[in-house]
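Hi,

Here is the structure I promised to pass on.

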2 protein chains.
Amino acid sequence: MEEKEISQAVISRLPRYFRYLGELKDEGTERVSSQELSDIMQVTASQIRQDLNNFGGFGQQGYGYNVGYLYEEIGKILGLHKEHNLILVGAGHLGQALVNYMNFERRGFIFRGIFDIDERIQGTKVRGITVRPMREMERFVRENDIDIAVLTIPKGSALEVAEQLVSYGIKGFWNFAHVDLHVPENIQVENVHLSDSLMKLSYNLASHDE
Amino acid sequence: MEEKEISQAVISRLPRYFRYLGELKDEGTERVSSQELSDIMQVTASQIRQDLNNFGGFGQQGYGYNVGYLYEEIGKILGLHKEHNLILVGAGHLGQALVNYMNFERRGFIFRGIFDIDERIQGTKVRGITVRPMREMERFVRENDIDIAVLTIPKGSALEVAEQLVSYGIKGFWNFAHVDLHVPENIQVENVHLSDSLMKLSYNLASHDE
């Protein structure tokens, strides 16, 4: 594929295309026009064409998009044809929920190890995976080709743990800690700040409450 | 406060301001310039001034911002001075994790009821709150002044449940179901699509892997 800087806004929309195309595919739909896609996704047809043109188009004048092909191609763009090896750091409720969620594995995101600072839960298992002490993390990351660390730890320890993990070779963070990580530019961070999301909902409720 | 349409992009940044100001406040910092805030938040100073000007400014030439005052004011803008009554629909791992997370309650988001379709867990408790059958939901929402429903249910049932909840008087959804809800315009929806977030991370890993 061509080297091109795609905006994060476009990238944010790709998983949504992927989701809708997956549904169309499951329903047996073979082709779809940008107008039809526009109607179900509630995005303008021109936005759809523009977004997909970033990756070379895929559409054919008068035919529209081939659903199966487009689904596969967007999956490839999203890197879903490769497997990722994950570790979870922080085996609290949220961390356990993430490990137990089957859909991630179906997409190639596979939890290989779980780490926690709490001795009382070390040795216990979450979905068959043993919770290990933090001191085993470095060796585990290096030996198991781990590329993504999922952080579900308090914000007080997140910065330090992230820094260690970068030195062990972690390439990406899925960060649920309520803090912005400071990592080198070549390391990818995707934040899920649940409190921020809830506050945004609160704002929208308050501002429509008049 | 003045009636003004604020962009969702600005609103998305408010919780982050709130978080950083809270930290400054906890450290005992009394005032901060937009330049200092810019340095810690890694946003330009002009962006900060522009964002805060949407709400009337708060800053004083040559003084900067009063941390405590700005923190309080942004909290009010975010609607955090009011309590919200929440129900959880779907008491799986993720739902339980959300109920167990203390920080939401500290911000005034209080889980009052939990509902699940699974008879085996009805009657059990999560953090002291009984899991109830779905048929009790309407009465519970109406009698307990519930304004927010947190949906941690499979996407297949989310649309129908959301529609019911709107008719019961729910004003906002915090939606973790992997589907876009269709609700009237006066109803607020904040989505947390975990799979989308993970795919975005995957994309960024793949596109930096060359």
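Below is what I found, going from the single chain to the pair.

First, some housekeeping. This is a predicted model, so please keep in mind that local features need pLDDT of at least 70 and side-chain atom pairs count only at pLDDT 80 or more, while totals for chains, interfaces and linings use all residues. Residues are numbered from 1 along each chain as its sequence is written, and chains are lettered from A and ligands numbered from 1 in the order in which they are written.

**Chain A overall**

Chain A holds 9 helices and 9 strands. Helices (H or I, at least four residues) and strands (E, at least two) are DSSP runs, numbered from the N terminus. Along the principal axes, the C-alpha atoms of chain A fill a box of roughly 60 × 50 × 35 Å. Of the 210 residues in chain A, 38% are buried. Here "buried" means 20 or more other C-beta atoms within 10 Å of a residue's own, "exposed" means 12 or fewer, and "partly exposed" is in between, with C-beta atoms placed from the backbone. If you take the contacts in chain A with a separation of 6 or more, 57% are between residues 24 or more positions apart. A contact is two residues whose C-beta atoms, placed from the backbone, lie within 7 Å.

**The sheet in chain A**

What is the strand order of the open sheet in chain A? Its 7 strands run S5-S6-S4-S3-S7-S8-S9, with mixed pairing; two strands pair if DSSP finds at least two bridges between them. At the edges are S5 (125-126) and S9 (188-191) of chain A, each with a single partner strand, so one side of each has no neighbour in the sheet. S5(A) and S6 (residues 129-132) of chain A run antiparallel, joined by 2 bridges, and A:Val126 stands opposite A:Ile129 in S6(A).

Two helices to look for are H5 and H8 of chain A. H5 (residues 93-100) lies across S3 (84-89), S4 (109-115), S5, S6 and S7 (148-151) of chain A, at about 155° to S3(A). H8 (residues 155-168) of chain A packs on the sheet and touches S3, S7 and S8 (172-175), with its direction at about 170° to that of S7(A). For these angles, axes are lines fitted to C-alpha atoms, for helices over the stretch in contact, and angles run from 0 to 180 degrees between N-to-C directions.

**A closer look at chain B**

In chain B, S4 (residues 109-115) and S6 (residues 129-132) run parallel and are joined by 2 bridges, with B:Ile114 opposite B:Val131 in S6(B). S7(B) and S8(B) also run parallel, through 4 bridges, and there B:Val150 stands opposite B:Trp174. From S8(B), B:Gly172 and B:Trp174 point one way and B:Phe173 and B:Asn175 the other, and all are buried.

B:Ser157 sits in helix H8 (residues 155-168) of chain B. Is B:Ser157 buried or partly exposed? B:Ser157 counts as partly exposed, because it has 16 C-beta neighbours inside 10 Å.

**The core**

The largest nonpolar core has 114 residues, and those with the most contacts inside it are A:Leu88, A:Leu151, B:Leu88 and B:Leu151. Such a core is a set of buried Ala, Val, Leu, Ile, Met, Phe, Trp, Tyr and Cys residues joined through C-beta atoms within 7 Å. Leaving out residues up to four places away in sequence, the residues that B:Leu151 touches include B:Val89, B:Ala158, B:Phe173 and B:Phe176.

**How the chains meet**

Chain B superposes on chain A by a rotation of 180° with 0.0 Å of shift along its axis (RMSD 0.0 Å). That is the relation of a two-fold axis. The superposition is by least squares on the C-alpha atoms of residues with pLDDT of at least 70 in both copies. In chain B, the C-alpha nearest the axis belongs to B:Leu94, 3.2 Å from it.

The contact takes 45 residues from chain B and 45 residues from chain A. H9(B) gives the largest share of chain B's side, 13 residues. That side divides into 21 nonpolar, 16 polar and 8 charged residues, where Ala, Val, Leu, Ile, Met, Phe, Trp, Tyr, Cys and Pro count as nonpolar, Asp, Glu, Lys and Arg as charged, and the others, Gly among them, as polar. The copies meet through the same surface, because 100% of the interface residues of chain B are also interface residues in chain A.

Cheers
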